[in-house]
Amino acid sequence: MKRLIATLGFLVFSGSIFLFLFFAACSDDDEDPDNNIDVVGFWTVSEVDIQEASVGNQSVVDFYMNMGGMSEEEANMAYSMLETMIIASITGTIDIRADNTYTSVLAGETVNGTWSQSADGKRIDIYDDTDDEFVAFIKTNTANMMNIDFIYDTYQDLDQNPVTPDLLLSIEGNITMIK
């Protein structure tokens, strides 16, 4: 039962992360000044790659084994399901507007927020209507395609127990979007 609660808590929380991951499509991280094309526009996610996910100082798989009491095989399966859910939840669109607001529709859920770009154009900070922040860095940005790396950190009650402290969940990945 503990394993199920930890897994479900983690998966439920992941749905909110997916929204933030999608917002990451608004960033600029190439050295080439010709690559700094405006991020404003209507973007559709075409590919997502989750490169790493950790809880505190351990991988999600280790977390599942240590906190959830899962075997390595069960933990790998749970992580695979989590990764699949993350990728599915990032599917959708984001409309990035010149007035530094955006609207995203991911997995059928609409979220509004604001965004800002660093002075050097290499970093985008994205805030949803709950003031959570998501930071992204553009690898490639052309008139019709944007590829970003992202890191999203958040504290979550992964075991759904109000007595235990929230844990730091970090997700690193890459998103490709097309106009």
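Q: How many aromatic pairs does the structure hold?
A: This predicted model holds 3 aromatic pairs.

Q: Why is the pair of Phe-134 and Tyr-152 called tilted?
A: Here the centres lie 5.6 Å apart with the planes at 35°, so it's neither stacked nor edge-to-face but tilted. Phe-134 is in strand 7 and Tyr-152 in strand 8, so the pair ties together parts 18 residues apart in sequence. Phe-134, Phe-150 and Tyr-152 form one aromatic cluster.

Q: How do you know whether Tyr-152 is buried or exposed?
A: Check its relative accessible area: 2%. Buried means under 20%, so Tyr-152 is buried. Phe-134, at 0%, is buried too.

Q: Why does Leu-169 count as buried?
A: Its relative accessibility is 0%, and the cut-off is under 20%, so Leu-169 counts as buried. Leu-169 lies in strand 9 (residues 167–178), and its C-alpha is 5.4 Å from that of Thr-154, 15 residues apart in sequence.

Q: How do you know that the buried residues of helix 2 line one face?
A: The buried ones in helix 2 (residues 60–68) are Val-60, Val-61, Phe-63, Tyr-64 and Gly-68. Seen down the helix axis they fall within an arc of 160°, so they line one face.

Note on methods
Residues are numbered from 1 along each chain as its sequence is written. This is a predicted model: local features need pLDDT of at least 70, side-chain atom pairs count only at pLDDT 80 or more; totals for chains, interfaces and linings use all residues. Side-chain values use heavy atoms; hydrogens and water are left out. Helices (H or I, at least four residues) and strands (E, at least two) are DSSP runs, numbered from the N terminus. Buried means under 20% relative accessible area, exposed over 50%, partly exposed in between (1.4 Å probe, protein chains only). The arc is that of the directions from the helix axis to the C-beta atoms. Rings of Phe, Tyr and Trp (its six-membered ring) pair if their centres lie within 6.5 Å; planes under 30 degrees apart count as stacked, over 60 as edge-to-face and the rest as tilted.
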